[in-house]
Amino acid sequence: MNDSHSTSPLRRLFAFRESGILLGLIVLCLLLALFTTTFLTRYNLATVARQASFVGIVAFGQTLVLLTGGIDLSVGSMAGLSAILCTLLMTTAKLPAEAAIFLGICIGTGFGFLNGILVAKAKINPFIVTLAMGEIFAGAILVITEGYPVLGLPKSFRFLGQGTLWSIPIPILVMVAAALVLSYLLRNTPFGRGIYAIGGNRNASRLVGIRVDRSIIAVYALSGLLASLAGIIYASRINAGQATIGASWVMPCITAAIIGGTSLSGGEGSIAGTLLGSLFMGVLANGIVLVGVTSYWERIIIGVVVILAMIIDVLRDPAHPLRALFPGLSRPAT
C-alpha cells in the first residue's frame, strides 16, 4: 500500500525551489571552511558578500524579466553606460553626487523602458532586442570614454560603494533592501501576481484583465533601474568610471536566477532564490581563488553550473521526458 505521506528525500528536495540552492550553498561553504584557512575570516566573508551584492542587484531585475518569460541580455552594458554617464555628470557637468546618482539611475531606467517598449509594443523577440541594445550600450561606452577611465570623482561619491552602516557595507544593505522590497512586490501586490500570471500564460492573463504590455514594460524598466544602480555602486566602489563596469555580469546574473529556482519559461521563481543564487556564485568565485585554481577555470565552472541548473529546471516539469530517468521525483500513487 502506498502512503501519500511517504515520499522520497529526492522528491522532497525538489518540492521547494529554494531548498536545492540553499543546500548547495551550505555544502560549498562547509567544504571551503574545511579546506581553506581564510574563508571564514570576517574580511573574506565581507568581501564575498560585497562582490555578490553587485551581481545580486542586477540578478533581481533579471528575475523579474525571466518571470514574464523574457530575458535581458543588456543589463551588463546598461549598468556600465549608466555608471559612465553618472561619473561624467559629476566630473564634467560638476553636479553634486546625489543629483548625478539620481540622474544616472533615471537614465538606466529609461534604457530598460526602451527595451520594454520594443519587446511589448513592437513585438520583437526579447533575446534579439536586448542583445542588440546591449551592443549599442557597450559601443556607446567606448565612444564616450575611448577606453579611458573617468577619474577625479568627489569624495562624497565614495560612500555608496565604500562606506558602511552599522559595520555593514552599503552595497550589501542595498542588496538586502532591494530583495525585501521586490519580494513584497511580487507576493503581495496585484502587479507582482500579474507578473507570475503573464509568465504562466500570457493570453489567459489578457483575458482576465491584466495589462500585459504595461507589466512587461515595467519589468524591463525595473531591470534597467537595478542594473544602473549596481553599476553606479560599483563605480563608487572603485572610485572611477571604468569602461569595463558590468561587462562580465550578464552570465552570472542569469545563472544566479536560474540556480535560485527561476524558470526560463517564466511564471516560477522568487527573489529569495535569486539572492541565494547570487551568494552561491559569489562563494564559488571566491572559493576558486582560495583553493588556488586559476581564474581561467571560472567560466568553465560557471558554464557547468548553468547546465546543471537547467537540467534541474526541466526535471521539475512533470511532462518532461527526463523525469522518467528519475523515478524518485514522481508523485506517489494515491
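Student: What pLDDT does the protein chain average?

Tutor: Keep in mind that this is a predicted model. Of the residues, 88% score at least 70. Across the protein chain, the average pLDDT is 87.

Student: Which helix has the lowest mean pLDDT among the elements of the chain?

Tutor: Start at the other end: helix α5 (residues 97-120) has the highest mean, 96. Where pLDDT is low, the predicted coordinates should not be read in detail. The element with the lowest mean, 55, is helix α1 (residues 9-15).

Student: Is Lys94 buried or exposed?

Tutor: Look in the loop between α4 (75-91) and α5. Lys94 isn't a glycine, yet its phi is positive, about 60 degrees. Its relative accessible area is 64%, and the cut-off is over 50%, so Lys94 is exposed.

Student: And where is Lys123 found?

Tutor: Lys123 also isn't a glycine, and it has a positive phi of about 60 degrees. At 53% relative accessibility, Lys123 counts as exposed. Its place is the loop between α5 and α6 (126-145).

Student: How many disulfides does the count come to?

Tutor: A disulfide is a covalent bond between the sulfur atoms of two cysteines. Cys86 is buried, at 0% relative accessible area, while Cys106 is partly exposed at 36%. With sulfur atoms needing to be within 2.5 Å, the count is zero.

Student: How much accessible area does the nonpolar surface patch have together?

Tutor: Its members include Val293, Trp297 and Ile311. Val293 sits in the loop between α13 (271-290) and α14 (298-315), and at 34% relative accessibility it is partly exposed. Together the patch residues have about 720 Å².

Conventions: Residues are numbered from 1 along each chain as its sequence is written. This is a predicted model: local features need pLDDT of at least 70, side-chain atom pairs count only at pLDDT 80 or more; totals for chains, interfaces and linings use all residues. Side-chain values use heavy atoms; hydrogens and water are left out. Patches are made of residues with over 30% relative accessible area and no salt bridge: like charges are joined within 9 Å, nonpolar side chains (Val, Leu, Ile, Met, Phe, Trp, Tyr) within 5 Å. Accessible areas come from the Shrake-Rupley method with a 1.4 Å probe; for residues, only the protein chains shown count as cover. A salt bridge is a side-chain nitrogen of Lys or Arg within 4 Å of a carboxyl oxygen of Asp or Glu. Helices (H or I, at least four residues) and strands (E, at least two) are DSSP runs, numbered from the N terminus. Buried means under 20% relative accessible area, exposed over 50%, partly exposed in between (1.4 Å probe, protein chains only). pLDDT is the predictor's confidence in each residue, from 0 to 100.
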